[in-house]
Structures are given as structure tokens and as C-alpha cells.
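Reader: Could we go through the contacts in this structure together? I would like to begin inside one chain and then turn to the contact between chains.

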There are 2 protein chains.
Amino acid sequence: MQFAERLNNVETSAIRELFKLLGKPGIISFAGGFPDSALFDVDGIRAASERALTEEPGAALQYGATEGYQPLREQLAGFMAGKGVTDVAPSDFLVTTGSQQALDLLGKTMLGPGDKVIVEGPTFLATIQCFRLYGAEVISAPVDDQGVNTEALEKLIAEHKPKMVYLIPTFGNPSGATLTLARRKKVLELAVKYQTLVVEDDPYGDLYFGEAPPPSLLALSAQVPGSRAWLAHCGSLSKVLSPGLRIGWLVAPEALRERAVMCKQFSDANTSTFAQATAAQYLKAGHMPATLAQVRKVYAERAQAMGDALRKELGDAITFVAPQGGLFLWVKLTGARGQLQDANVFAQRAIAKGVAFVPGTPFFAQNPDNATLRLSFATADVAKIQEGVARLGQALAA
Amino acid sequence: MQFAERLNNVETSAIRELFKLLGKPGIISFAGGFPDSALFDVDGIRAASERALTEEPGAALQYGATEGYQPLREQLAGFMAGKGVTDVAPSDFLVTTGSQQALDLLGKTMLGPGDKVIVEGPTFLATIQCFRLYGAEVISAPVDDQGVNTEALEKLIAEHKPKMVYLIPTFGNPSGATLTLARRKKVLELAVKYQTLVVEDDPYGDLYFGEAPPPSLLALSAQVPGSRAWLAHCGSLSKVLSPGLRIGWLVAPEALRERAVMCKQFSDANTSTFAQATAAQYLKAGHMPATLAQVRKVYAERAQAMGDALRKELGDAITFVAPQGGLFLWVKLTGARGQLQDANVFAQRAIAKGVAFVPGTPFFAQNPDNATLRLSFATADVAKIQEGVARLGQALAA
């Protein structure tokens with residue numbers, strides 16, 4: 001059978017091989033990109049689903065508008081207003097099947113062979129593959145502990161004239177980095193100056209441990225004239241409530257949103273109205289603030305525990321910036337005193353010692369830094385984190 | 001903003017304009033492609049959802065395998081075995097976000113610019129647009145009351161060497177036609193002879209009114225050596241249980257299925273595990289036979305009522321074949337005695353009289369027959385059907 005040429009643009013075997021190893025008994029995994037199932041508000045979701053099926057069974061079980069279920073769009077507008085986005089109406093939202101679908105629709109709507117996209121190096125690996133499947137060339141802009149380097153970004157935009165710039169400005173995956181306020185404004189100015197679409201992917205912004213992060217690009221765009229016309233924002237309930245609902249959303253300029261709706265019509269017709277009605281009832285019930293407080297508290301403890309353990313067990317073999325939110329800790333092997341500096345080799349040794357993580361390599365669209373690795377502190381409790389990091393120490397010494 | 005070129009391949013305005021008119025108060029609609037919400041087994045689905053959240057809350061609310069939730073794949077294998085497909089294992093299923101996503105993944109996996117697909121003329125209009133979005137040229141094969149004409153199909157395959165042949169063999173949308181057993185075997189033989197992928201879309205096969213239709217191509221493929229390697233089968237719970245769950249599936253040769261899984265990973269990661277776990281519990285509880293018996297009975301009555309009313313109210317102005325299943329009645333305006341023969345004009349007049357349907361034109365990828373129209377008998381009750389068809393009679397006479 002002869003498959004479409006676009007399949008030649010992607011390579012997923014490295015990650016697949018790694019994930020196969022995770023089934024090994026007794027493995028402590030820092031590899032996933034998941035929230036912790038134990039933190040799901042099962043009772044709240046059950047009650048929301050019950051209300052959806054009692055109050056609006058026909059709508060909750062029928063086909064729905066491709067744009068999204070109106071009561072959910074209204075709740076999402078309220079949810080975003082609580083985060084400083086006060087000028088976005090329910091009709092500005094396209095509800096997507098997880099924010100992964102928002103990325104896919106952006107690809108389908110915007111990208112063809114020969115088009116270029118600039119992403120952070122490193123970035124979410126499914127974004128790289130998603131855009132490559134539409135034929136795009138994916139270019140990396142450098143990231144430091146303040147997020148993407150906007151000077152380097154401007155040079156790359158001027159040079160490559162990309163169709164899109166894709167950023168995870170807050171608690172980036174995998175970098176953990178958060179773009180500073182000054183750089184956020186600069187990014188919006190670049191969007192206007194170069195008439196380039198900026199895509200803000202923001203699944204982690206609610207998961208802050210201390211102070212709230214700077215406002216999202218979407219919130220800030222009100223202060224940068226013209227920038228809203230060049231900004232798309234992807235959000236998700238996956239990391240804060242439940243990935244299993246598959247509820248994400250896209251806020252984008254009207255012409256883009258309308259075309260994304262058309263593409264979605266032929267992608268999956270609409271996101272599960274059953275899940276949408278459940279999510280709408282959950283938000284309407286006012287549960288989110290308590291749910292967010294709980295997950296922030298638990299992930300903050302785990303992030304702290306992982307940072308402490310890493311300093312203790314791996315010492316000068318690594319550097320990292322303590323995360324202020326999100327799910328991930330991004331580590332760089334220093335190679336100090338001749339210690340191991342290849343994270344791919346380290347990952348194999350770690351598996352042998354009973355602990356798993358994802359090496360940094362596949363998160364780079366270009367020029368991978370093989371000394372990097374991503375640790376998730378989200379799904380193991382503090383004791384498991386300490387044990388797992390101790391095993392990392394043993395693997396490094398092996 | 002400059003959008004992707006693929007968007008130039010689709011045209012959706014005709015249908016959109018029509019659907020806008022449906023909001024008019026008092027309209028009786030035969031236009032939808034929906035099942036009737038009043039028939040949904042809300043209590044059964046509520047109980048299934050409750051069990052999913054009680055027995056397996058972590059899995060039901062977490063990310064899941066892209067291939068699908070294993071307990072649902074097992075239930076689907078059992079469901080298909082009940083329909084004569086006894087040699088398909090749970091691992092052969094890819095669960096999709098409605099069968100629309102199965103079509104989208106087939107497009108993404110198989111089709112690029114310049115590729116050709118043969119479909120029935122007429123066929124499901126979202127399929128035409130879905131495949132065109134991947135750049136394919138969509139070619140129509142003629143359909144009669146026994147389904148696609150296999151002699152004409154063979155000539156088209158030989159001439160165009162298509163990447164796929166897409167068929168709705170049972171109670172086709174919009175034709176209502178069902179492919180005969182002899183033609184089914186011929187289609188499978190053509191797949192092998194020309195090494196061409198045949199896609200069987202089967203959302204309606206369970207909705208038969210009298211005798212069961214011939215076995216699906218998937219069931220029959222066991223009798224045609226080599227044909228399984230060239231057959232993809234799309235199924236769905238949308239028309240028989242609930243579209244709002246967005247549960248569909250794809251059964252396809254391993255190399256194709258694996259690539260479709262990869263494409264799905266970057267399309268929406270996985271279908272809502274909440275909806276999948278609910279569907280799995282529903283099937284496991286053994287509710288489907290009673291649910292199917294109920295919807296078959298109601299749709300049979302409505303199909304009968306619509307056929308009777310059409311004969312009475314429109315007489316020799318139309319011809320149609322009484323449907324034996326599905327949701328649709330496909331009508332052709334005869335133009336007898338100088339009566340109206342343009343269904344697009346008829347649709348406008350009908351709206352003015354308070355009744356809506358979809359003219360046949362957009363269901364044709366090529367050479368539209370403007371004398372055709374599709375009536376859904378699924379969502380209006382018998383009294384509304386009689387009133388609506390009487391209005392059609394008035395519109396015709398107007």
C-alpha cells in the first residue's frame with residue numbers, strides 16, 4: 001500500500017521504544033506528561049455529568065455545533081476572564097478535542113509543504129510532529145531561563161518569514177521556563193511588525209506554585225495595538241481537571257477561527273458534547289478554584305522534593321532551574337569531573353536501575369542538546385520521587 | 001493572513017446557507033443527518049457513565065492509548081462478532097472520535113495532492129470535503145437501487161488508479177441504497193485485482209427495518225482471499241446509541257492502522273476516555289440489542305409514514321425507492337406534466353412553506369443531479385412527517 005508522502009516527514013520511533021520500556025515492573029516513571037490521576041475530582045465530575053444528563057440529555061448526547069457547545073463556551077469565557085482576558089466573548093472560542101486538536105487545526109488551516117514554523121528549542125514534541133505532518137519546516141529558536149530569546153527570535157522571523165511562531169510561554173514543556181513580561185510584550189510587537197501569527201499554547205499557566213505568572217499573551221494583547229489580529233491562543237482542561245474529557249479550546253482572529261471550524265467539521269464534526277456538557281456543568285458549579293488550589297499545592301510539594309533530591313543525589317553532575325509551576329523539571333548534564341553527559345545513555349542506564357525519564361533530544365526540532373533531559377514531578381508522590389532520584393544517582397554512578 | 005492552499009479545494013457555503021434557514025420558527029426539518037434525541041437511552045448511558053467513574057475513575061479521566069481504551073476495543077470486537085465479523089481481535093480496532101475522524105485519518109494517512117478517490121455519486125458530503133482537504137481529486141461512480149454499479153466502478157478503477165474507493169454499502173447516505181451480495185463480492189474482488197484500498201463506511205447497517213442486510217464487506221472479506229489486506233471498515237455508535245459520545249472505529253490492515261494511529265496521536269492524542277469508558281460499560285451491560293430493536297421499530301414506522309405521505313401528496317412528481325433501513329429517503333423529481341424538476345428551487349419554495357430538506361446537488365462529487373433531494377425521516381414523528389410532506393406538496397404546487 002502506498003501511503004501519503006507527508007508520513008515521511010515524521011519520526012516517532014525513539015519515543016515509542018522508550019515508552020515500551022515503561023511497562024517493566026517496579027519502574028518509577030518521571031517520563032509521562034500526565035497529571036496525577038489521584039488528584040482528579042472524580043466526585044465533582046460525576047456530579048457534573050449527572051447534571052448534564054438530567055438537565056440537557058438531548059443536547060449532551062446529540063451532535064453539536066462544530067464551534068462548541070454554547071454553555072461551555074460561556075463558561076470558558078468566564079474562566080478566561082478570571083485570568084485577565086476580559087475582552088473575549090463566548091463566540092470567540094472554538095472548543096477542540098484537547099488542545100492537541102487545536103494544534104492540528106492550526107496546522108491544517110495554515111501550513112503546507114514549504115511553509116516554515118518557528119518553535120522553541122526545546123518544545124512539545126507532538127507539536128513538532130503535528131506541524132511536520134502538514135509539510136512544514138520546523139525551526140528552533142533558543143530558550144533560556146526567561147523563555148524564548150526574543151532577539152534571536154526576531155532574527156529568525158526576519159530570515160525565514162514563518163507562517164507561525166509557536167510558543168509555550170508559561171512553564172514550558174519541556175523547558176519549565178516562563179517568558180518574562182518584557183519579552184511577552186516584545187513577542188506581541190514582533191507579531192505586528194512582521195505580520196506573523198503567534199500561537200500561544202497555555203496548558204500549564206494555572207499550575208503556578210507561588211505568585212501567578214505574568215499575564216498570558218492573550219491577556220496582554222489588549223495592551224499591544226494590532227497584536228490580537230496576529231495571535232492564536234490554545235487552552236486546555238487536561239492538566240488542571242482531566243485529560244480524559246479531551247476539552248481544549250482555540251481563541252483566534254475571526255478569519256482563522258472560521259477556517260479552523262471548517263477544518264474541524266471534516267476532522268471530527270464536533271468535540272464530544274457529552275464531555276463538553278460535563279465540563280460546562282463542572283465550571284458552572286464553581287469547583288475550579290478549589291481544584292486548582294489543590295493541584296497547585298501537591299505539584300509544588302513534589303517539585304520542591306524533586307529539586308531537593310536532585311541537588312542531594314546528583315550534585316554537580318547536573319544543573320537545573322527550580323520550576324515555579326507546571327509539571328516538568330528540565331535538567332542539563334554538566335559532564336563535570338568526567339561524569340556522564342549523554343542523556344540518551346543515561347536514560348538506558350536509568351531504566352536498568354528502575355527509573356524512567358525522557359531524554360531531551362526529541363524535544364528539539366533542530367540541533368538537539370543531548371545533555372538535556374525532562375523529569376516530570378507530577379505523577380509520583382514525594383517518597384517515590386526521593387527513591388526515583390536516588391536511583392538516578394545510582395544510574396549516573398554506574 | 002495567508003492560509004494553507006488546501007482550503008481552496010473545499011466549498012461549504014451552499015450547505016451553510018441552507019442550514020441557517022433552519023432556525024426559522026415552525027420549520028419542520030427533514031434536512032438533518034441526525035438520529036432522534038428522543039430515542040437516546042439516557043438512563044442506560046447515565047448508569048454506564050456512573051459505573052465507569054466508580055470502577056475505573058483514574059483510567060476514565062486520564063489520557064489513554066491512542067489506539068483506544070482496551071475494554072472498549074474488547075466490547076467492540078464482541079459487537080462486531082454479533083454481526084458476523086468473527087475474525088477481528090480487539091487489537092485490530094482503532095477507536096476514533098466519531099467515524100468522521102476515521103475518514104480524516106484515512107485521508108491524512110493515504111491522500112496527497114494529485115491522488116484520486118472514487119466515491120459513490122451521490123455520497124456523504126463530508127467525505128467529499130474531507131478528502132479534498134488532503135488534496136485528492138474525488139471521482140463519482142454511478143449508483144442505482146442496488147448500490148454502486150460495479151461494472152462502471154471497475155472501469156473507473158482501471159482508468160484512474162485511485163488510492164481508495166469509498167463506499168457506504170448499506171443504507172447509503174444519501175441514496176438509501178444497499179449493495180447486493182453479488183456486488184459486495186465483486187467489490188472485494190476488485191480490491192484484490194487492482195490492489196486498491198476499499199473503505200467501507202457502515203454507520204447505518206444496524207438500522208434495518210425488516211430482514212438484516214447482506215453481511216458487511218468486512219464480514220464477507222473472509223470469503224474473498226486476499227481482500228482483507230485491501231479493506232478498511234469504519235463503524236460508529238453515533239446513529240444507534242449517541243452521536244454525542246463521538247465513538248467511532250476503524251478496522252484496517254496493520255500497516256495502515258499503525259500509520260493511522262500515528263496520525264491520530266498528533267490529531268487529538270486519544271478519543272475521550274470518559275466517553276470510551278462510558279460506551280464500554282454500556283456495551284458490557286448488554287443494552288444494545290434492546291436499544292437497536294427500539295430504534296429500528298421507530299425509524300421503520302417513520303420511513304413507512306414518509307413513503308405513504310409522499311405517494312399521496314406528491315404522486316407522479318417524484319420517484320423513490322422505499323428504504324429498508326437507515327435514516328434517509330432519496331427522492332428524484334420526475335418533471336412529469338411540467339412539474340418542478342430543480343430540487344434547489346424546490347428547497348427554497350419548501351422553506352417558504354415551512355419544511356426543509358437538503359437538495360441532492362452537494363452530495364455529488366461530480367455531475368450533480370439537480371433533480372434529486374434527501375429527506376430524513378429520523379427526527380420528526382409520524383404526525384410531523386405527514387404535515388411536513390403535505391407542505392412539500394403545497395411547495396411543489398406553488
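**Domains and chains in contact**

Author: This is a predicted model. Between domain 1 of chain A and domain 2 of chain A there are 12 residue pairs in polar contact, both residues being at pLDDT 80 or more.

Reader: How many salt bridges are there between domain 1 and domain 2 of chain A?

Author: The count between these two domains of chain A is 0 salt bridges.

Reader: Which elements supply the domain 1 side?

Author: α12 (288–314) and β11 (328–333) of chain A each give two or more residues to the side of domain 1 that touches domain 2. α12(A) gives the most, with 8 residues. By class, that side has 21 nonpolar, 7 polar and 4 charged residues.

Reader: How much area do the two domains of chain A bury between them?

Author: They bury about 2,900 Å², with 64% of it on carbon and sulfur atoms. Arg296(A), Phe363(A) and Ala365(A) supply 20% of the area that domain 1 of chain A buries against domain 2, more than any other three residues.

Reader: Now the chains. What is the area buried between chain A and chain B?

Author: That area is about 5,900 Å², and carbon and sulfur atoms give 65% of it. The contact takes 73 residues from chain A and 73 residues from chain B.

Reader: And how many salt bridges are there between chain A and chain B?

Author: There are 4 salt bridges between the chains. One of the salt bridges joins Asp104(A) to Lys108(B), with the closest N and O atoms 2.6 Å apart. The side of chain A that touches chain B has 36 nonpolar, 25 polar and 12 charged residues.

Notes:
Residues numbered from 1 in each chain as written. Chains lettered and ligands numbered in written order. Predicted model: local features only at pLDDT ≥ 70, side-chain atom pairs only at ≥ 80, totals over all residues. Heavy atoms only, no water. Contact = heavy atoms within 4.5 Å. Buried area = accessible area lost by both parts, 1.4 Å probe. Salt bridge = Lys/Arg side-chain N within 4 Å of Asp/Glu carboxyl O. Nonpolar A, V, L, I, M, F, W, Y, C, P; charged D, E, K, R; others polar. Polar contact = N/O pair within 3.5 Å; in protein donor to acceptor, adjacent residues only side chain to side chain. Helix = DSSP H or I, 4+ residues; strand = E, 2+ residues; numbered from the N terminus.
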